Amino acid sequence: MSNQEPINTFSSRIAVLPEANIDTDQIIPARFLTTTSRKGLGVAAFNDWRYEKDGTPKPDFILNTIDASEHRVLVGGNNFGCGSSREHAPWALTDYGFKAVISTEIADIFTSNSLKNGLLPIVVTPEIHAKLLASPQQRVTIDLEANELRLEDGTVFIFKIEAFARQCLLEGVDAMGWLINRLPAIETYEREHAA
Amino acid sequence: MSDQPKSLFDKVWEKHIVEDESHDRPAVLYIDLHLVHEVTSPQAFSAIEERGLKVRRPDRTFATLDHSTPTLPPNAAGERPYFTADAKNQVETLERNTKNHGVKLFGWGSENRGVVHVMGPEMGLTQPGMTVVCGDSHTSTHGAFGCIAFGIGTSEVGHVLATQCLAQRKPKTMRVTVTGQLQAGVSGKDVALTIINRLGFGGGTGYALEYCGPVIEALDMEGRMTVCNLSIEAGARCGMIAPDQKTIEWLRGRAYVPADYEAAAAEWLKLKSDDGAVFDDEITIDGSVIEPMATWGTTPDQGAAVSKAVPVATNENEAKALKYMHFAGGEARDLAKVDVVFIGSCTNGRMSDLRAAAEIMKGRHIADGVRMLVVPGSEQVRAEAVAEGLDKIFTDAGAEWRLPGCSMCIAMNGDFVQPGQLAVSTSNRNFEGRQGPGARTVLASPATAAASAIAGHITDPRRYIA
């Protein structure tokens, strides 16, 4: 996305949704996809897990028990963000207030979409994941400059993130603008390939 | 190292590199064909317009209306029964955007409108060796023609509209070989559900798949599209099959194929993995033991042969899925009473799918209490089915025959399954609530879905096949 605010280091409490295979239909059900805006989807994030049919919040669902401004890191089960390519999923999560998602595996398209919206997808080992699940009230620090996820017990995990996406996040580089700057090479390609 | 054996994926990838990737930079990948629909494009058009840009290559960009569109006809005043005002607005937004940017739209009134992954191939827009993208995860469908085809998010839709390129890292490759010969009554859908079951729901994450082996070669093009379509349900963005004579014959005469078709076809037939090509991973599946499949859980990998009992949960995840589905481990599949049957979608909404269902339904009637929707994948499919009399077979059997669209697969146009109801669907996702809040979905082939509609419970289609 254009003009993304640079991200560097932040600390936050975590919110834990331990289920495996949380698909983008759960993150934002299809009936909310008729919007033509990127904004305003946070209220519908996890809608069908979060609200009763009449719209009453379910008292025991995690998003109804936390203060969104205090919990910026969502910890999900394995294979988070699978399914549909809808970018509405990271839009809903960031609109709610999340800045990072942590799991043992995160789906490809969701990862790509998240990185373009200032939502950090962080893949951790099962051991780190277990530590997060064991202390679901904890505060973690994410340091993108150092590629570090620091847990409350002092554990430091070095996460991997695609180098260009990382630079875009750190410096607020806009990916579409970067591609537009490649247009001379694109035009050359088109000439050579009669494309 | 130019004589090193290459995979089909590598060959197509290399041909589309504008700038190669390095440690710091992804590759700039050229996109030959960009397909657009109403749901994932409005914010992308806004993004390029904010920069004062126009669609750079409208000649490589084609749009259709499928997700938010009603499948019931307009009223006497010509008004379409949109589910919501937002749905109508979304359709009108794409009509306006395509007009402003000179993009061809196969919209209302076009005899070529259809579900985007049905429309692209049948128009001959999808051609072997292309890179194809769309803001839709089932774009992997087009891999059946030997394309690198994958779903993208809306930001990337904007990138392609603006530059005809994407910044991409090359994925790993996996070869999926299906050996042997399929039994009668077993379809491409059953092959795909078996592959996903083997790989696991996230087992293909990070990979581009290449399907090969005698079973894949023996599938018709539509069966191959079904297999590639479901690649994403194993987590793989892309799945592809080398073109062969069937590919050439299937595309021949279609609207957008090259004028010098024989020359193009000769090039296309060269597109295959070299002997000795190295893949990052490989799996082999014995196709001769595949049976008609049906899912029992809430992810597409949670499937088993219809003839077998519902499996007993081996972990918390499976137990949760069984609970949602109201299935008990160990019970026979035919205990499950069916409320709704849906035949259609980008997975199984083509002629061969409708024929397979009609073959079972001809002269029979759906069971009491079953609601059945048959939704052709495109206007072309609809017209061809009507010409063959398939619509009559379905309506005589008690099914509803609808207008083309995604319909009950994604359930955002008003076609949905009621809370708690059990649906047997030929679509691609059985996630919780996918077909409507509280809906329970069983994924199966058109033959299994049709047989289950007749029987009123989940059943093996082979009992109805002579």
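Two residues are in contact if their C-beta atoms, placed from the backbone, lie within 7 Å. Keep that in mind as we go. What you see here is a predicted model.

Let's start in chain B. B:Asp353 sits in helix 13, residues 351-361. Which residues does B:Asp353 touch, leaving aside neighbours within four places in sequence? The contacts are B:Glu222, B:Ile343, B:Asn348, B:Thr426 and B:Pro446. Is B:Asp353 buried or exposed? B:Asp353 counts as buried, because 31 C-beta neighbours lie inside 10 Å. The cut-off for buried is 20 or more. One more distance here. B:Gly377 is 24 residues from B:Asp353 along the chain, and their C-alpha atoms are separated by 9.9 Å.

Now over to chain A, and helix 3. This helix covers residues 88-96. Nine of its nine residues are buried, so helix 3 of chain A is largely enclosed by the rest of the structure. The buried residues include A:His88, A:Trp91, A:Asp95 and A:Tyr96. What covers them? Among the covering elements of chain A are helix 1 (24-27) and helix 4 (108-115), along with strand 2 (71-76) and strand 3 (100-103).

Last, the two chains together. On the chain A side, 45 residues are in contact with 53 residues of chain B. Where in chain A do they come from? Helix 1, helix 4, helix 6 (163-171), helix 7 (175-180) and helix 8 (183-192) each supply at least two residues of that side. By type, the chain A side divides into 19 nonpolar, 14 polar and twelve charged residues.

Note on methods
Residues numbered from 1 in each chain as written. Chains lettered and ligands numbered in written order. Predicted model: local features only at pLDDT ≥ 70, side-chain atom pairs only at ≥ 80, totals over all residues. Helix = DSSP H or I, 4+ residues; strand = E, 2+ residues; numbered from the N terminus. Buried ≥ 20, exposed ≤ 12 C-beta atoms within 10 Å, placed from the backbone. Nonpolar A, V, L, I, M, F, W, Y, C, P; charged D, E, K, R; others polar.
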